[in-house]
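I opened my notebook to look up a few things in this structure. Here is what I went through, step by step.

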Number of protein chains: 2
Amino acid sequence: MKRLDVDLGDRSYPIYIGRGLIRQPELWAGHIPGQQVCVVSNETIAPLYLESVLAGLSDKSVCRAILPDGESYKTLATLSGIYDALLEAGHGRGTTLLALGGGVVGDMCGFAAASYQRGVDFIQMPTTLLSMVDSSVGGKTGVNHPLGKNMIGAFHQPKCVVADLALLDTLPAREYAAGLAEVVKYGLISDAPFFEWLEDNLDALLAREEAALTEAVYRSCVNKAQVVAEDEREGGRRAILNLGHTFGHAIETAEGYGTWLHGEAVAAGMVLALNLSRRLGWIDSDIEARGRRLLERAELPVAPPDSMDVDQFLLLMGRDKKVVEGQLRLVLLQGLGEAVVSSEAPVEAIVATLREAGIKG
Amino acid sequence: MKRLDVDLGDRSYPIYIGRGLIRQPELWAGHIPGQQVCVVSNETIAPLYLESVLAGLSDKSVCRAILPDGESYKTLATLSGIYDALLEAGHGRGTTLLALGGGVVGDMCGFAAASYQRGVDFIQMPTTLLSMVDSSVGGKTGVNHPLGKNMIGAFHQPKCVVADLALLDTLPAREYAAGLAEVVKYGLISDAPFFEWLEDNLDALLAREEAALTEAVYRSCVNKAQVVAEDEREGGRRAILNLGHTFGHAIETAEGYGTWLHGEAVAAGMVLALNLSRRLGWIDSDIEARGRRLLERAELPVAPPDSMDVDQFLLLMGRDKKVVEGQLRLVLLQGLGEAVVSSEAPVEAIVATLREAGIKG
């Protein structure tokens, strides 16, 4: 078991990484100060792991909110069901919410915790690779709106994160690959040695070998935690975590939430960002090719869907949160492991990048 | 014009109190850093004052969300309409929300600001006495749930509060009286000299005389700001602001939100709290009588509705946020201007107080 501490002053918290951790309540139950716990999970995960978690909570008063599975349910209406469960069970401000699921469950449970009675504690138990390395670290919580992803939410830090690698045994290959997209991202934006480690160890990772997996999750979380600690509320540098995300959100919105997995859209988006960075002369074509190759080896899409056209792409990118007063800011690379947030890319260069990727218009 | 600064470190903000302030944008428009503003108001207030506010925003890109009027619309569904307006107008994270209305508009606009794109700025322009002296100060925001009032929300401080006393000219007498309930509250919980000032000046206040009104709003805000500065997130002492509110919330829930005005329910609730405090031997009957008399003079109800029974009261009080792990905590007085939060009142004493107030069961 590895432990990593996210340093956020009085909101600091530990991340535990290892196999079998949900069956070790001595590790995490101490982060529950009160007698009331609400486990939030979904219909896919609950049958697999809920009983193991509940066994560790036998001395607590527990209610549960089991949500439908999928990004299309990441809405205010589904969120409302968590409040219903809490209020029907009479949970007070001393309750602790426990998110047992992937990013959708974690984001919704986190926002429910941020907003229930103006804020209660919560714990993250991510069940996907993506949520272990990304959404469960950093305190971003929220739900989608028909006009944009994650448009409603809050910054709310968990009390701890329990990344039980045994839970990945049941994760479908496609979702596992989607998680690898974010792992590769950390190498690209801030950790060139990790990128090289990934080039050397991707086969072991694809085989889900425990040692490689532990290292990949740990180093991803180290990179994310470091960026988050520097800029908790995304005033500036934290935005580099969004490499490929502005392009990716456009893809997700165009195709309908859940058609492309988030990590898949980010993978295709990162390839676009690499191309744009090379087009601006900021990285050479070797780095662009290595990034693309690593994502391909991870069985991820490296081009956007050809059903989209340029105008649609630009419109959807303009709705992204990274737009500051009409100015499109993108995360780009100035070298391997050196991401910057920039509004210097001219729209002509963005269009050229989209066209080279096969987008019409 | 009087100015009061609420001291909350980097979340500090000014409250401006005086007549005609919404027509003086030089006072408040400087608190809007960006180009985008969303004015949130309701169908009663917008026809009266929206144009005056918009006149001060002529150099901004403005959208608006005009909500239906009333506590019964303080819901997630109505809140959703604010997000719709923001997203349809393409507002980014640099937008500023402006709440023009009473407590319902302020609470919803504040929570929309707390949660839109994980938090944007907002300004309070309260249009009722209640919201000037209470809900617009202190950063509590939120919406109701069918099972409880203000169960969903956040702490989110405004950038400034503009309390334009001219807006009270159109306030119905019943709502004005409801605001006076919270004014009297400050005297009871933390400011005995202010309570005595109110005994001497209530007639001038009821006549809405400017000098008396300025003083009453200013001293109410001073008292509230002081308590909030000591305990921004209601870990302890801030709860004294809830004198009469646990009883009051039970009344509001039982009668249906909006049947009793919040201030009316709080007035009846404070009389119950005074009675309970006297029953515990903490205050003498003279203070109880003076509190009750002042509320009566302010044309406020001093007894709960006789349609309620004891069991219903206790059940609804148990749902209140002030319940910590099953223990009912109440705000009680240990003297004039000396409120405490206590779980010492035995249920038998609460029942006796309810029965003395005419509640059956």
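This is a predicted model: local features need pLDDT of at least 70, side-chain atom pairs count only at pLDDT 80 or more; totals for chains, interfaces and linings use all residues.

What rotation, and what shift along its axis, superposes chain A on chain B? I found a rotation of 180° with 0.0 Å of shift, at an RMSD of 0.0 Å; copies are superposed by least squares on the C-alpha atoms of residues with pLDDT of at least 70 in both. The two copies are therefore related as by a two-fold rotation axis. In chain A, Leu76(A) has the C-alpha nearest that axis, 3.9 Å away. I also noted that 100% of the contact residues of chain A recur in chain B (contact means heavy atoms within 4.5 Å).

Residues are numbered from 1 along each chain as its sequence is written, chains are lettered from A in the order in which they are written, and side-chain values use heavy atoms, without hydrogens and water.

Cys38(B) is buried, at 0% relative accessible area (buried means under 20%, exposed over 50%, partly exposed in between, with a 1.4 Å probe and protein chains only). Cys160(B) is buried too, at 0%.

Last, I visited Thr128(A), in the loop between β6 (121-126) and α5 (129-135) of chain A. Thr128(A) counts as buried, at 11% relative accessibility.

Methods. Helices (H or I, at least four residues) and strands (E, at least two) are DSSP runs, numbered from the N terminus.
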